[in-house]
Amino acid sequence: MARIVVAMSGGVDSSVAAALLKEQGHEVIGIMLRLWSEPGVIEDDGVERVVQNKCCSLEAVDDARRVARMLDIPFYLVNVEQEFKNTVVDMFYEEYVAGRTPNPCLTCNRHIRFTVLLNRALALDADYLATGHYVRVDDHPITGKRRLRRGIDPDKDQSYVLHVLNQQQLAHACFPLGSYTKTQVRAMAAERGMSVASKAESQEICFVAQNDYRGFINRYSSTMATAAQEPFALAGGAAAARNAKPLITLPKPGPIYDLHGKMLGRHRGLAFYTIGQRKGLGITSREPLHVLKIDAAQNALIVGPAAELEKTSFTVGKMHYLSGDIPTEPFEARVRVRYKAPEETALVTPLGGKRVHVILARPQRAITPGQAAVFYSDEDDDEVLCGGIIEE
């Protein structure tokens with residue numbers, strides 16, 4: 001039997017994962033990460049509202065502790081707020097300001113769960129780190145290398161957000177729920193008398209209050225700009241504060257153009273827009289206009305009709321190959337360009353420098369820079385081959 005650290009969240013998935021491993025006879029240790037959340041906000045009524053990270057709220061910590069006590073396993077709460085803020089939150093903000101639309105779960109899985117937490121698990125002499133993700137890991141029958149495969153529940157498969165894992169991480173990864181559906185997992189929790197059996201799950205970004213990323217951008221830019229000014233103000237007064245260089249880039253207003261270069265209005269900052277967006281542009285026209293391109297070099301938005309959102313080719317950078325083998329010849333695969341996007345057959349041509357060019361068999365709508373493109377084997381379409389970040 002193995003020693004296994006389970007990443008616990010207080011939700012039904014990680015709770016059932018821990019229960020299954022304990023029942024299989026493994027030595028199970030529960031660890032929950034305390035992640036960064038926004039500082040409290042003083043509302044108009046003078047009351048401070050505390051913004052809790054959904055992944056580690058006080059309620060979630062209590063639920064995880066209760067499950068650990070029920071299973072009679074050790075439980076630890078580990079503070080990784082600073083690592084999470086520096087690695088995940090700052091990246092999320094900077095990507096939006098640069099005109100891209102990031103997926104922070106990718107960064108969290110790569111750098112927080114399967115680096116920071118995995119290292120903690122290995123320091124405890126654990127053999128594996130287990131999570132409640134709906135994916136499967138096994139050895140490739142020919143190469144013997146570790147491979148990541150879809151979970152059998154198509155509605156819950158989370159292979160898209162785990163394509164960032166490498167062979168070393170996959171060798172120590174354990175996903176007990178990959179062969180179950182969500183319905184089965186809830187039933188198993190109920191059978192074991194777990195209070196989290198019917199607990200609702202959130203699909204929102206854990207550190208963004210009320211799923212309002214634009215409000216978060218506003219608050220975060222204000223907070224960070226103030227923090228950048230304070231040391232200079234203390235050192236040299238108002239003049240030094242005015243001349244201080246911000247620690248972060250601030251959103252800047254700029255022009256909105258149509259496809260012919262005609263200026264239609266002004267945007268409030270690239271961070272507040274994403275590809276395909278129609279509402280909130282502040283311009284009028286005879287037909288609905290959508291954001292077609294975010295031009296960071298010109299600090300401009302390009303808008304046009306919905307039909308222009310369809311694309312059949314794009315470029316992907318920062319490519320990561322799970323096997324560690326980097327192809328030099330074109331290959332066919334099935335690609336997903338967003339977490340819940342339909343998959344499409346594609347021809348993938350390596351360009352060098354961890355970049356590829358992708359040609360789709362059929363057009364996809366609103367292919368968005370900053371999002372991940374994840375590629376699945378065309379022969380065995382539940383195996384994740386590689387993935388990267390869409391450039392254009």
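Reader: Which residues does arginine 150 touch, not counting residues up to four places away in sequence?
Author: Arginine 150 touches Tyr134, Val135, Arg136, Asp157, Ser159, Arg336, Glu343, Tyr376, Asp381 and Asp382, where contact means heavy atoms within 4.5 Å. Please note that this is a predicted model, in which local features need pLDDT of at least 70 and side-chain atom pairs count only at pLDDT 80 or more, whereas totals for chains, interfaces and linings use all residues. Residues are numbered from 1 along each chain as its sequence is written, and side-chain values use heavy atoms, with hydrogens and water left out.

Reader: What joins the side chains of arginine 150 and glutamate 343?
Author: A polar contact of 2.6 Å joins them. The term denotes a pair of N or O atoms within 3.5 Å; within protein, one must be able to donate a hydrogen and the other to accept it, and residues adjacent in sequence count only if both atoms are side-chain atoms.

Reader: Where is arginine 150 placed, and does it count as buried or exposed?
Author: Arginine 150 is in strand 8, residues 146–150. Helices (H or I, at least four residues) and strands (E, at least two) are DSSP runs, numbered from the N terminus. Arginine 150 counts as buried because its relative accessibility is 13%; buried means under 20% relative accessible area, exposed over 50% and partly exposed in between, with a 1.4 Å probe and protein chains only.

Reader: Now the helices. At what angle do helix 3 and helix 4 pack?
Author: Helix 3 (residues 81–97) and helix 4 pack at about 155°, and their axes are 9 Å apart. Axes are lines fitted to C-alpha atoms, for helices over the stretch in contact, and angles run from 0 to 180 degrees between N-to-C directions. The two helices are therefore roughly antiparallel to each other, a description used for angles over 145 degrees.

Reader: Which residues make that contact?
Author: Helix 3 contributes Glu83, Phe84, Thr87, Val88, Met91 and Phe92, while helix 4 contributes Pro104, Thr107, Cys108, His111 and Ile112.

Reader: Where does helix 4 bend?
Author: Helix 4, residues 104–123, bends by about 25° at leucine 117. The bend at a residue is the angle between axes fitted to the seven residues ending there and the seven starting there.

Reader: What is found at the start of helix 4, and what follows helix 4?
Author: At the start, a side-chain oxygen of asparagine 103 reaches to within 3.0 Å of the backbone nitrogen of cysteine 105. Aspartate 125, with a positive phi near 65°, follows helix 4.

Reader: A change of topic. What is the phi of lysine 354, and what is that of alanine 366?
Author: Lysine 354 has a positive phi near 60°, and alanine 366 has a positive phi of about 55°. Neither residue is a glycine.

Technical notes: Angles under 35 degrees count as roughly parallel, over 145 as roughly antiparallel, 65 to 115 as roughly perpendicular and the rest as oblique.
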